[in-house]
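Please keep the sequence and the 3D view open while reading.

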Amino acid sequence: MLRCWKHSENRLEDAECTDGGSAASPQSHFPHKAFWVSCSASLLLVIIALALTGHLGLSQPPAESLQLVRITASDQTGLLINQSAVVDLQNDLVTFSITSPANQTSTVLFDIKHGLICYKPMDQESCFLRKMEESDYKNVHSLLQESTHKQGQIQLSRNETQRQREFLGVLAGSPVDVSTLEGPLQTLCQHSSVHWTRRVDGPGNQRLVYFCIDICFPSNICVSVCFYYLPE
């Protein structure tokens with residue numbers, strides 16, 4: 001049995017028909033012209049949908065350009081430092097998430113393309129910026145190499161790890177307009193105050209270190225970045 005469409009006033013009704021051909025009434029056949037118009041319209045919609053899907057797919061970074069690397073190390077007291085780094089090869093970004101034993105997370109974003117580092121400490125509505133230096137590029141490069149080799153889990157040896165400390169003075173008197181930052185930095189700091197920092201030799205006896213963030217790299221280097229506020 002064949003399935004046909006019967007045109008009845010302003011709607012189409014399902015009906016039965018036979019193979020008789022000439023025995024069927026002209027009204028029982030779907031008009032050939034309308035049939036081809038319908039097929040053409042359906043085909044056009046399919047082509048448009050495929051084109052949009054392809055366009056949207058190209059506008060997003062390929063999945064293989066994002067690599068997750070987990071690094072486990074011990075601090076000077078023996079406590080584990082659990083951190084993960086998302087490497088965005090397409091946009092030259094490395095985002096560290098450092099989780100403390102109290103399950104609080106600090107974020108450090110390396111914007112390699114623009115030569116900036118952004119620190120967002122745990123439990124603070126503040127972001128701190130500084131320009132990347134040669135040592136920063138070397139440390140991040142070691143992570144890029146590991147992500148390229150698909151090394152998803154890295155365990156650093158406590159005895160072989162080189163430990164460094166950096167002091168950054170916060171320029172609290174000159175806040176940064178978040179809208180002037182690049183997209184990834186805006187996203188990270190959209191609800192926070194933003195301040196520039198500069199590297200200094202140390203806080204001195206009169207200055208209090210407010211907090212430190214420990215970052216470990218696959219090159220067996222752990223850097224403790226400590227912040228304090230400079231006088232305005």
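This is a predicted model: local features need pLDDT of at least 70, side-chain atom pairs count only at pLDDT 80 or more; totals for chains, interfaces and linings use all residues.

Residues are numbered from 1 along each chain as its sequence is written, and side-chain values use heavy atoms, with hydrogens and water left out.

**Strand pairing**

Strands (E, at least two residues) and helices (H or I, at least four) are DSSP runs, numbered from the N terminus. Two strands pair if DSSP finds at least two bridges between them.

| Pair | Bridges | Residues between strands | Positive phi in the turn |
|---|---|---|---|
| β4 and β5 | seven | four | Asp 92, about 55° |
| β5 and β6 | seven | five | Asn 103, about 65° |

Strand β4 spans residues 80-88 and β5 spans residues 93-99. Strand β6 covers residues 105-111. Individual partners can be followed across the strands. Val 87 has Val 94 of β5 as its bridge partner. Val 94 in turn stands opposite Phe 110 in β6. Thr 95 is bridged to Leu 109 of β6. Further along, Thr 107 stands opposite Lys 120 in β7.

**Buried or exposed**

Buried means under 20% relative accessible area, exposed means over 50%, and partly exposed lies in between (1.4 Å probe, protein chains only). Why is β6 largely enclosed by the rest of the structure? Six of its seven residues are buried, so β6 is largely enclosed.

Val 86, in strand β4, is partly exposed, with a relative accessible area of 36%.

**The cavity**

A cavity is a set of points on a 1 Å grid over the protein atoms alone where a 1.4 Å probe fits but cannot get out; lining residues have an atom within 4 Å of a point. A volume is the space filled by probe spheres set on the points, which are joined across faces, edges and corners. How many cavities of 30 Å³ or more does the structure hold? There is one. The largest cavity has a volume of about 60 Å³. Its lining includes Phe 110, Tyr 119, Arg 130, Asp 136 and Glu 166. At least two lining residues come from each of β7 (116-120), α2 (134-148), β12 (211-217) and β13 (221-229).

Conventions. On a 1 Å grid over the protein atoms alone, a cavity is a set of points where a 1.4 Å probe fits but cannot get out, and a pocket is an open set with protein on both sides within 12 Å along at least five of seven lines; lining residues have an atom within 4 Å of a point.
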